[in-house]
Amino acid sequence: AAAAMVKETIRVYARVKPLGRRQQAGNYSVDNEELLPSLEITVPRDLADGFINNKRESYKFKFQKIFDQEAKQDVIFDSIAKPVAECVLAGYNGTIFAYGQTGSGKTFTITGGAERYSDRGIIPRTLSYIFDQLQKDSSKVYTTHVSYLEIYNECGYDLLDPRHEASKMEDLPKVTIMEDSDQNIHLKNLSLQQATNEEEALNLLFLGDTNRMIAETPMNQASSRSHCIFTIHISSKEPGSATIRRSKLHLVDLAGSERVAKTGIGGQLLTEAKYINLSLHYLEQVIIALAEKNRSHIPYRNSMMTSVLRDSLGGNCMTTMIAMLAMDKRNIDESISTCRFAQRVALIKNEAVLNEEIDPRLMIIQLKKEIQDLKDELALVTGKQRKSELSQEELLQLDELIETFLKDNDPDSSLDVGADMRKIKYCFVHMKVFFLNGDENVAGKKLLSQDIFEEKSSNEELEKLKGLLQQRDNEINILVTMLKKEKKKARDTLSQLNATSAGSAVLEQSPFMSLEERQSPSRCSSQKEAKVFSSSVPKLPFLSRATGGKMSLGRQEAFEIFKRDHADSITIEDNKQLLKQRFDEAKCLGEKLNEVRNKINHLKGKIIQRQIQRAALAVSNPSEELTFDPVEENLRMQIEEEKKSYKTVYSRFKGLKVEIEHLQLLMEKGKMKLQKDFEVWWSEEAEKFQQEKPEMVASPNTVNPVYPQFIRSSQHLSPISFLDTGRDSPNEDPAVKNNSVTSASPTLKTRTPPSSSTSIPLTGDSQADADILAFIKARQNILQKKG
Ligand code: ADP
Ligand code: MG
């Protein structure tokens, strides 16, 4: 494989997160003016004493560049991610990882914030940039795939699992590491999804993020304890070339780097803390080993993360790290340790190697072509087109020639068959036959004439070409055998895999999931812009899952209230407004586009009309010559103008489309999050309630109070209706009341909960009862808070 090398150290940047409103700023200063920018942190002497055990108060760290609190996402992309994306487009591997304690802005930087379009992070911006560049380059054929892996407690999970059935992490496909005989890492079960454009890639990103969110329960705030690796795989090939370039870009959101002491809580959390620290610790070890000269063993295998990033940390990679810093007083010590880690990373020298490999099939095609070229060259030299075999006629002619030659007693006679190796060889064979037969007539004469000398050089040429042909034939044979082997190997692995886990996709073999069903029909064809927006973002099946399905009326009610009071719903509303505005804008642009197009068509029509007129004129009046027509020229210029404006409007329109799609996905995500928060809150409330008043959750064996049906609308939720749950409540819906009477089973008695003076009738259906009770409790809580 061809290898071009680029040697450089890992680039390390720092980004300081904006301070929260109630946070006290720590003492730090940024100097971006020096040759190597630096960040200086000053710590009060006693604190420095306490935690680092030396007398230093001031710490200075060097970075490639430091982005202070006000740095925006576009600047981060341009300075940090774009150069890496460019390398990846050129065929090198690239990695960007965000390192820092929980809450320091890793996810914000890598993926982006959920509130504003301008908050989108490195991943969506990189996808946008890459697809833009690929589209511009028509000299190569590109294929793009993405994968999204989450590593939690040393287990890998495929976040792009398209089945969307996961409600906890364990439901996601488990990804395992396999190493082949060449020590290449393969990730079994990690699906590689093809993305042919930005939109498809973004959908995949959101699918992964949603799976990540769903899989995370409040008990395991996995996002802070897991690593997420979003990978963009690009392969490229020049048409007709046998060389395929493959490169990948890992965008890594690392687990929180906070130290164990801080998270040291008992039970589950402690094991988790140990694990994060372990895996980050192993990352650190790998980095230290890479930084040391003459180290032959790099301990990649110690953890899953370092194994996955093996070809993307040291050696073959353009690696960039962003040290995420929270500079408020309480986090300054963590920030210092983040900076220290960053300084070690900055010592690593990397050699980025271009990833090229030869595709044997393409090689064969290439060699065949070369053979054809050689044959053509041969034909040119000899002036004859030739097939591989001599014809019957030619053979007869040869026999005659040979015979005449053999019989000719003139010492100057020669056998001239022309510059054709096949004929020459045939003569030799013939001679051999004569010779072996001991034919006395054979007169071996040395051919000395000048003609022969000339012929010889041409024969040499021919020999050379023939030799080349032979060599190529051999190569083809070898390659064909290779191909066969490859195929067999692939078949074997596949059947092996099928045996272990049916239907799982293996990274290198790319039996990719078809995304066809999910693809949006909205490709911007020039006739359909106006419709594009109505088709909106394709509904991913997973998005409807959470909100769809059964929700008891009571929960529905509670959800409405919860939604009203939930901060995220404000974001959703904001986005809705924004979306509406964008929609209107897009509609306007769409209309404008239609208008311009009509204008262009109209102008074209005019030109044709004009041409017809002039042609007619020329027929009736031949003296009038059909030359330059200023009117037509003018029309053409007008068309050019319109086309220009069409282009500008269209590109704005396209940008808007991307933004709208992004916003829609953000909103869906917001809704999901709301739903999830609600579920958590709901079950917490239910649990609290059960603990406080266990007797209210009547078991089927004990006396069951009766409650007809749950309150239908929030009007019924006023405190009065609550306290007077009695049958005579004036607020009660008569239908509900009737229902309550008829559905009351005669064997059941109502009972009054001891804690309140009201009777809370239940249905006897334990799930519904739990819902009712939880809701009542939740309602009380809300009222208390409001009161
Ligand atoms: P981490 O992933 O490191 O745990 P997050 O990215 O989740 O941290 O950031 C924590 C919070 O701070 C989030 O609410 C995020 O939106 C916000 N945040 C982080 N960095 C920035 C920034 N540069 N600008 C605005 N908000 C930020
Ligand atoms: Mg995070």
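A residue counts as near a molecule if one of its heavy atoms lies within 4 Å of it. This is a predicted model: local features need pLDDT of at least 70, side-chain atom pairs count only at pLDDT 80 or more, and totals for chains, interfaces and linings use all residues. Residues are numbered from 1 along each chain as its sequence is written, chains are lettered from A and ligands numbered from 1 in the order in which they are written, and side-chain values use heavy atoms, with hydrogens and water left out.

**Stop 1: the ligand shell.** Select ligand 1. Around it sit Arg 15, Lys 17, Pro 18, Gln 101, Thr 102, Gly 103, Ser 104, Gly 105, Lys 106, Thr 107 and Phe 108. By class, this shell holds two nonpolar, six polar and three charged residues (Ala, Val, Leu, Ile, Met, Phe, Trp, Tyr, Cys and Pro count as nonpolar, Asp, Glu, Lys and Arg as charged, the others, Gly among them, as polar).

**Stop 2: the contacts.** Pick Arg 15: a polar side-chain atom lies 3.4 Å from a nitrogen atom of ligand 1. Go to Gly 105, where a backbone N or O atom is 3.1 Å from a ligand 1 oxygen atom. Then take Phe 108: a polar backbone atom lies 2.7 Å from an oxygen atom of ligand 1. Taken alone, ligand 1 exposes 550 Å², and the protein buries 65% of that (Shrake-Rupley method, 1.4 Å probe).

**Stop 3: the elements.** Colour β2 (11-17) and α3 (106-110), which each give two or more residues to the shell around ligand 1. The largest share, three residues, comes from α3. Helices (H or I, at least four residues) and strands (E, at least two) are DSSP runs, numbered from the N terminus.

Notes: Polar contact = N/O pair within 3.5 Å; in protein donor to acceptor, adjacent residues only side chain to side chain.
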